[in-house]
There are 2 protein chains.
Amino acid sequence: MTAPLFKKITFIGLGLIGSSLSRSIVKHGLAERLAVYDHSEAAQETIKELGLVDEICGTMEDAVRDADLVIICTPLSAYKDVAAGIAPHLKEGAIISDVGSVKATIFKDVAPLLSNHVHLVPGHPIAGTEHSGPENGFAALFEGRWSILTPAPQTDKDALAKITALWEGVGAMVELMEASHHDKVLAITSHLPHMIAYTIVDTATDLERNLKKEVIKFSASGFRDFTRIAASNPIMWRDICLANKEAILEMLGRFDEDLTSLRRALRRDDGDLLMDTFTRTREIRRKVIEAKQDAPPEKPES
Amino acid sequence: MTAPLFKKITFIGLGLIGSSLSRSIVKHGLAERLAVYDHSEAAQETIKELGLVDEICGTMEDAVRDADLVIICTPLSAYKDVAAGIAPHLKEGAIISDVGSVKATIFKDVAPLLSNHVHLVPGHPIAGTEHSGPENGFAALFEGRWSILTPAPQTDKDALAKITALWEGVGAMVELMEASHHDKVLAITSHLPHMIAYTIVDTATDLERNLKKEVIKFSASGFRDFTRIAASNPIMWRDICLANKEAILEMLGRFDEDLTSLRRALRRDDGDLLMDTFTRTREIRRKVIEAKQDAPPEKPES
């Protein structure tokens with residue numbers, strides 16, 4: 001057994017992603033000690049019951065003391081308060097990372113408050129389920145999945161190497177990307193699909209009562225997949241939308257044009273245009289399967 | 001073992017649904033003999049190789065001769081030709097059914113050509129995968145799934161009872177519904193979700209090449225589920241859209257209003273409206289799970 005990568009890792013917030021990461025770090029022996037600060041009392045109870053970490057702290061100050069690595073796993077809207085709460089108490093040489101779905105936020109809300117003696121290596125694992133909370137995390141969540149790191153150009157190489165080793169240690173593949181490019185890619189692969197799924201499920205909730213009952217009963221015909229996506233954590237998704245507003249609005253604009261064109265074709269009985277569109281999209285699916293991104297996330301071992 | 005429900009069942013067309021049904025009929029001993037007419041030579045080859053039926057016929061006339069039950073399993077655009085091809089050759093008392101996703105079509109394109117001596121019992125199993133063709137069918141496809149029957153009010157009760165027994169025999173649950181109501185329900189549960197999924201995947205195919213590569217690479221973040229839906233058979237979906245045009249356009253109109261409202265909220269940084277929408281939709285997911293419609297279709301036994 002090699003030495004652990006880190007002596008002490010501190011999580012700020014421990015929901016689905018944070019608790020999956022903590023479980024996997026424990027499983028693979030990547031840290032000597034784990035500490036957590038989570039402002040939710042319910043989460044604290046669950047973390048304690050499940051014995052997920054060594055130390056549950058009452059303040060952020062206590063939690064980050066002596067930490068070699070601090071990982072922010074809160075919704076994006078909490079980043080400002082987290083930065084204010086941890087920055088003065090970080091030890092020299094500490095690494096700060098996160099798992100947020102929009103990378104602009106950590107540069108805007110956290111980076112300016114950090115001293116030059118700590119290292120910022122933002123991250124975003126492309127993994128998750130529609131469930132939330134520490135009770136729903138599982139150690140295998142990141143296996144075979146991508147984790148995107150978006151360091152600034154001047155980032156300390158050793159700090160970057162250690163965060164890379166951490167993600168590889170939990171089974172993920174690491175990709176480096178510029179933060180603003182990350183936010184554009186995720187706007188189309190993740191944020192737009194979630195907005196669309198939320199909308200279509202909301203359209204269904206607005207139907208007259210009888211029809212709505214049948215929508216649920218016969219959801220297996222396609223609707224069901226949208227309800228799964230639209231069951232994701234509302235706070236997390238509100239924050240993502242607001243934080244990546246410009247890129248999402250740009251993608252929504254493109255989508256709206258394409259939908260209008262398809263709708264016009266349908267109104268004019270233009271079967272050829274429908275056929276062309278429906279054929280073109282199969283190609284993308286083929287590539288997703290080739291890229292081995294087609295498997296659903298693995299279920300928690302119980 | 002009880003006697004089979006039917007002496008001879010004939011399939012017109014044998015793709016994913018037809019071949020799944022034929023496999024399940026064989027498995028459960030629901031017919032003495034199965035015949036098929038499929039105009040595709042490739043399909044004929046596959047059906048022969050897999051030994052799915054007793055008799056592969058060269059014409060519709062041959063296939064339906066002496067059949068007690070004829071099940072149309074072609075795309076909707078073929079219904080008119082199928083009706084013309086089979087109607088003069090049906091035996092007295094034969095039952096005609098189908099598995100089409102829009103029920104207006106069989107009443108419009110098939111019913112007028114049938115004599116009064118045969119019985120029409122239209123059907124639509126709410127089951128399927130994104131794959132097509134007889135090689136992708138599997139016997140368990142209908143187990144625990146709904147099959148909707150949309151008989152006219154004057155339909156022969158015995159014929160209806162036999163088709164009900166057939167679907168229950170392959171493990172499905174049967175629901176009776178008025179055809180036009182069926183088409184309205186499916187417009188929101190199935191047809192609109194498919195149109196939306198096709199559109200969003202098409203929006204992604206239109207991105208600059210580099211971004212497109214990354215969309216595929218990081219599709220696990222939500223986009224992947226849409227690519228699965230958008231990989232469905234293009235001919236089948238072109239036909240469904242054209243056949244259920246009015247109901248789909250109505251649902252597209254509602255969806256468009258809701259999306260515009262969400263987009264406006266995002267542009268105005270209205271986090272409360274986003275939060276309300278994203279919270280409301282979770283309730284529908286809970287009901288889908290309660291209704292036991294949340295499991296993905298089972299994979300073929302191999």
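Modeller: Helices (H or I, at least four residues) and strands (E, at least two) are runs assigned by DSSP and numbered from the N terminus. In those terms, B:Asp269 sits in the loop between helix 11 (245-267) and helix 12 (271-290) of chain B. This is a predicted model, in which local features need pLDDT of at least 70 and side-chain atom pairs count only at pLDDT 80 or more, while totals for chains, interfaces and linings use all residues. Residues are numbered from 1 along each chain as its sequence is written, chains are lettered from A and ligands numbered from 1 in the order in which they are written, and side-chain values use heavy atoms, with hydrogens and water left out.

Most residues other than glycine have a negative phi. B:Asp269 has a positive one, near 55°. In the other chain, the side chain of A:Asp269 forms a salt bridge with that of B:Lys245, at 3.1 Å from N to O. A salt bridge here is a side-chain nitrogen of Lys or Arg within 4 Å of a carboxyl oxygen of Asp or Glu. By this rule there are 12 salt bridges across the interface of chain A and chain B. Between the two chains, 32 residue pairs are in polar contact, both at pLDDT 80 or more. A polar contact is a pair of N or O atoms within 3.5 Å; within protein, one must be able to donate a hydrogen and the other to accept it, and residues adjacent in sequence count only if both atoms are side-chain atoms.

Which elements of chain A touch chain B? Those that give two or more residues are strand 8 (146-149), helix 7 (179-205), helix 8 (209-217), helix 9 (223-229), helix 10 (234-243), helix 11 (245-267) and helix 12 (271-290). Helix 7 of chain A gives the most, with 21 residues. Sorted by class, this side of chain A has 49 nonpolar, 20 polar and 26 charged residues. Ala, Val, Leu, Ile, Met, Phe, Trp, Tyr, Cys and Pro count as nonpolar, Asp, Glu, Lys and Arg as charged, and the others, Gly among them, as polar.

As for extent, 95 residues of chain A contact 95 of chain B, where contact means heavy atoms within 4.5 Å. The two chains bury about 9,300 Å² between them, 70% of it on carbon and sulfur atoms. Of the area that chain A buries against chain B, 8% comes from A:Phe218, A:Leu266 and A:Phe278, more than from any other three residues. Buried area is the accessible area (1.4 Å probe) that two parts lose on being put together, summed over both.

Last, the symmetry. A rotation of 180° with 0.0 Å of shift along its axis superposes chain A on chain B, with an RMSD of 0.0 Å. The two copies are therefore related as by a two-fold rotation axis. In chain A, A:Asp225 comes closest to the axis, its C-alpha at 3.5 Å. Because 100% of the interface residues of chain A are also interface residues in chain B, the copies meet through the same surface.

How values were computed
Copies are superposed by least squares on the C-alpha atoms of residues with pLDDT of at least 70 in both.
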